[in-house]
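This report concerns strand pairing and aromatic contacts. The model under discussion is shown below.

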Amino acid sequence: MFRPACRLLFVALLLCLCTAAGAQRPVTITGEAPFAKNEEIRLLVFDDLLNYVPTVAASDQIDKNGRFKLSCSTNQIKLAQIAIRTSKAEFFIVPDHSYHFQISVDTTLFKLVNPERYGGYLQVTSLSVDTGDLNYKINRFSNYFSRAMNHYAFRITVDKDRSAYDTLTALLYDRFDIRYNPLNFYQSYVYYTCGQLDRICFSKEQRAFYRKYYDNDYILYNNPAYMSLFRESYSGYLYNSRHISKDLLARTINDSPDYLTLFNEAGRDPMLTNERLRELVIILNLIEFHGNEEFDGGNIIRLLQYIKASTHFPEHIVFIDNALSRMSLSNAPQRPLVFRNAKGKKCPVKQFEGKDIYVQIFQSDCLDCIREMMLIKEFNRRYGEKIQFVSLNIDPDKGSYDRFCKAYGEMFDWPVLYFDGNYDWLLENGVETLPDYLILNTQGQLLQRYPPAPEFGLSDYLMSRFGREEEPQSQNPLFRN
C-alpha cells in the first residue's frame, strides 16, 4: 500500500526536526559479571553498519562483587555489544531504556585470545523478562528463523525445491507479523531478515527483488538486517551490472577520478534510480575495489574524499571516514598508542621516532612465542639500528607478564612490553591467534598487517629491505686486511 506524498513529507520533516534538536536520550545498563571481578567492561555501539565498525560508548571497571554500570546517550535504536576482554555479546539499545543483565561465560574459553572462534560468547540474561522488549522479540524471531532455515536450507539451496520455500515462508508468516513497515525497527528487522531467503531463492529475478525491498524512500542505516541484505545484494554490483561498462569504470576510476560521470552513468541501471541508494552502492563498491589490482587505489581514495565533500546525504560520511581510515595512513586516527614496561611505567610507541616497529604479540605460556624470541634476538643484533623490535605480552593477568620478565628479562635487549588491557586495539587489528605480528609506525598506525614470521621469511624480508649486514671481521692472526 502506498502512502500519500504529503504524509511522507510530514514524517521526513518530523524526523529532521528531531535530529536537528539533538534529541539524545539516556541508556543505562547495570548488572553482574561475577567471573570478571575487577575487569574492564565496555559498551560498543555501531554507527557504521556498512563497514561494521564499532565505537566505545562507555566503559566501567567491574567491582569486587562483580557489579557494573554503563551509561550512554542515543537518539535512535542501535546495535551494541558488551565486551569483556575479547569476549562479546550483541544486543540492541533503545533510547530512554534501562537494562539489568546477568553475564556469564565459559571461563576456559574466556582466557583465549579469540574465544568467539570456539563459541566463547558472553551469555547475557535479562533479569527482568518483558515480552514487549525489542531484544526479547528479536531473539525469539531469530532463534525460530535459524532453526527453520537449518531444517529447510538444503532443500531450498541445493535441491531448488520451491515447495520447501513455500512451506518455510508460510510457517514464518503464520507465526510472525512480516510486512514492510520502515518506521518500526522490529518489523523492519523481521522483513529484511526474511529478505535473505528471497535473495537466495530468486537471485535471477532481480527486478522483483528490488521492487520489494529497495524501491522506496527509506534506507535503514541503523538496522543490521537491512544493511546486511543491502551489502549482499549490492556487493560488486557496479562491476557486474550490464548497464555499466567496464570501460566506464576504468575511465572514471583509473584514468581520471570522475565521480559525476560515474554517478550519472550508474543511474541508467533501473535498480539504481534512487540517488541516495545509488550513492551508497557506489561507496560500497569503491571500498571493495580498493586493494584490487584492476583499480587505482589512490584514485579510489580521491573519489571517496570527493563524495564526502559534496554529498547531499550526511549519513554516508561516517562510512567514508571509516573506510578512508583503513585505506590511507593520512586519514587514520591520530590517537596515541601506549603500553607499559616491566617497571609498570607507560611506554608510548612514539618514543621509537624514526623507525618502523616490528611487533611480536605473545603470551607467557606460548612456547612457540618464546622460541621465536631467540631468533628476534639475532635479528635485533643485526638490524636493530634500522627497525625497532618490540615483543608485546597480552596475558590477561599482568602478574604472568611480571613473572615472565623476572625469569627471562635479562635475555632480551629489545623492549618486552605489556598491552595494558588494550583489547579494543587487539580487536581492531584482528589479533586472534598466537604468535602474531604487526608492523607499525611511531603514531601506532598499521603499516603491514601480516609481516613475515621470525621463523618463516623475516630474515629474507629484512635483508631485502635493509641489505645484508656486515659480519665482524675474523680475529684470526693470519687474516690480513
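## Strand pairing

Two strands are taken to pair if DSSP finds at least two bridges between them. The model is predicted, and the description that follows refers to that prediction.

Strand β5 (residues 78-84) pairs with β6 in the antiparallel sense, over seven bridges. Within this pairing, Leu79 has Phe92 in β6 as its bridge partner. The hairpin of β5 and β6 has two residues between the strands, and Arg85 adopts a positive phi near 55° there. Six of the seven residues of strand β6 (residues 87-93) are buried, so β6 is largely enclosed by the rest of the structure.

## Strand β2 and its partners

Strand β2 (residues 40-48) is also mostly covered, with seven of its nine residues buried. Eight bridges connect β2 with strand β3 (residues 53-61), and the two run antiparallel. In this pairing Ala58 of β3 is the bridge partner of Leu43. The hairpin formed by β2 and β3 has four residues between the strands, and Tyr52 in the turn shows a positive phi of about 60°.

β2 is joined to β5 as well, through five bridges in an antiparallel arrangement. Here Leu44 stands opposite Gln81 in β5.

## Aromatic pairs

The structure holds 38 aromatic pairs. One of them brings together Phe46 and Tyr52: the ring centres are 4.5 Å apart and the planes lie at 35°, so the pair is tilted. Phe46 counts as buried because its relative accessibility is 4%, under the 20% cut-off. Tyr52, at 36% relative accessibility, counts as partly exposed.

The rings of Tyr239 and Phe295 have their centres 6.3 Å apart and their planes at 80°, so this pair is edge-to-face. It links distant parts of the chain, 56 residues apart: Tyr239 belongs to helix α8 (residues 237-240), whereas Phe295 lies in the loop between α11 (275-289) and α12 (297-310). Tyr239 is partly exposed, with a relative accessible area of 26%, while Phe295 is buried, with a relative accessible area of 8%.

## Aromatic cluster and charges over rings

One aromatic cluster is formed by Tyr180, Tyr191, Tyr192, Phe209, Tyr213, Tyr214, Tyr226, Phe230, Tyr234 and Tyr237.

Charged side chains also meet aromatic rings. The charged end of Lys246 sits over the ring of Tyr239, at 4.8 Å from the ring centre. Likewise, the charged end of Lys398 sits over the ring of Tyr418, at 5.9 Å from the ring centre.

Note on methods. Residues numbered from 1 in each chain as written. Predicted model: local features only at pLDDT ≥ 70, side-chain atom pairs only at ≥ 80, totals over all residues. Heavy atoms only, no water. Buried < 20%, exposed > 50% of the residue type's maximum accessible area, 1.4 Å probe, protein only. Phe/Tyr/Trp six-rings, centres within 6.5 Å; stacked < 30°, edge-to-face > 60°. Lys NZ or Arg CZ within 6 Å of the ring centre and 35° of its normal.
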